[in-house]
Amino acid sequence: MSFNHLGLDPRLMKAVGAMGYTTPTPIQNQAIPLVLEGRDVVGIAQTGTGKTAAFVLPVMQRIPAKPGGVRALVLTPTRELAVQIEGVARDVAKHTRHRVAVVYGGVGYEPQRQTLTRGVDLLVACPGRLLDLIARGDCDLSSVEVLVLDEADRMLDMGFWPDVRRIIAKLPASRQNLLFSATMSPEVLKIIAATLDDPARVEVTPATTPVEAIAQSVYPVGNKDKAALLLSIVREHGLKKVLVFTRTKHRADRVARVFDRAGIRGAAIHGNRSQAQRQKALESFRAGHVHVLVATDVVSRGIDIDDITHVVNFDLPDVPADYVHRIGRTARAGRSGTAISLLAPEEHGQLRDIEKAIGAILPCEDHPGFTYREERIVPDPERVAVSDARPAREGHAGAAAANLGGSKPKPKRRRSDGRSASGRNGVSGASGANAAPLVADTDVRAASKRTPSDLQPRQRARRRRPPQG
Ligand code: AMP
């Protein structure tokens, strides 16, 4: 299947060729014809599925370039995403005469005002700065023909929805609406009902299905020992492209500093850092100068880097969907990847929610030579996820530890039928020996109806005290 049958203008086709795209992704296949027809569209798709080109290409075709005000408006939650969308839009507009601009906060106001004065066809914007520009009379949205709401679920999470509603109130009532969201929560459904007119729905699972390619495991550890454990793992295995998620900005800074002090270049990106600082950190990480990038969830959607080998949940996320998003930053573009979660005693509730959501029990590992007290290890007797203790020097590996270059004995958890409970990637399956799908959020919701005790025969984990030292 090529782009030829999608009905795109030859100039856009030329741009697609120059961008190196030969085959449309599933979301592009489904969405482009619908957008070209003028339909309102709801796309359930995550970053990484090619969704940006799925809306930018047909939107450019819907709004032939001409002088005047903004004709297509793309609202997106983070600056990183805004910059990425702008980049795709500029590439797409290479042979058309569309003018593309991006506005977001944290950088100078005046250059953005001047750009708008010169005229813009497609404007990519974060809500806060756009409202500023509107309030000061520097941005007129009365000619908008197409509105794109990108990452609608994230905009809700981040509390942007009141701003978005104020912006929508400034748009002509008659317009085409496109909404993209990784999840379809009741809140998102409400937006759709209020904003979109008889939308067509398209839905795709991510290009790389995480569970197929990601070895996932949990390292139980006390909260204050997390940094030391992570440093030890990264150092021992010489990891070079590690993305770490923390719960707070402060913790992100602290983890990055720990690595820096240990001579491993780390950087942090979060909402308190300026746009220039975030871009610099991202570029250094992409180029391999920074080996450990520490981020908060708020900025994570903007991280579009293909060769991240390890994602680390330094803190477990409160929302299981964030777990799926986070670990989806590795194993991109057909590569394999490893996801490690550092589990403090107070995080068992989150772990249980995540396991329910993904329909699998994550195997627990420990790190050779790293000591923690036994009572910290997964205390829930209904959960069978702890391997027997191993002598400190031998290594102790499930699939994730194997990916870390450790020795390869399988986790010793056993099913009641005597077979190993470990799935292909060290993730025990929701039913039988098959790993449960960890894919689209619809699947996650379906899986969430199950409970860990449905997934595993009830067994009491028998553990010996790990050797100290
Ligand atoms: P997105 O989901 O829009 O963030 O896109 C994820 C990545 O896929 C980006 O690096 C795009 O450049 C790339 N991409 C998008 N569409 C295609 C395509 N049809 N063929 C190859 N790569 C693509």
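I call a residue buried if 20 or more other C-beta atoms lie within 10 Å of its own, exposed if 12 or fewer, and partly exposed in between, with C-beta atoms placed from the backbone. This is a predicted model, where local features need pLDDT of at least 70 and side-chain atom pairs pLDDT 80 or more, while totals for chains, interfaces and linings use all residues. Numbering starts from 1 along each chain as its sequence is written.

**Helix 1**

I took helices (H or I, at least four residues) and strands (E, at least two) as DSSP runs, numbered from the N terminus. In helix 1 (residues 10-18) I found Leu12, Ala15 and Val16 buried. They span an arc of only 100° around the axis (directions from the helix axis to the C-beta atoms), so they sit on the same side of helix 1. Pro10, Gly17 and Ala18, on the other side, are exposed. Just after the helix, Gly20 has a positive phi of about 85°.

I then traced an open sheet of 6 strands, order 8-13-12-9-11-10, with parallel pairing (two strands pair if DSSP finds at least two bridges between them). Strand 8 (214-220) and strand 10 (266-269) are at the edges with a single partner strand each, so one side of each has no neighbour in the sheet. Strand 8 pairs with strand 13 (residues 337-343) over 7 bridges, in the parallel sense. Pro220 is opposite Leu343 in strand 13.
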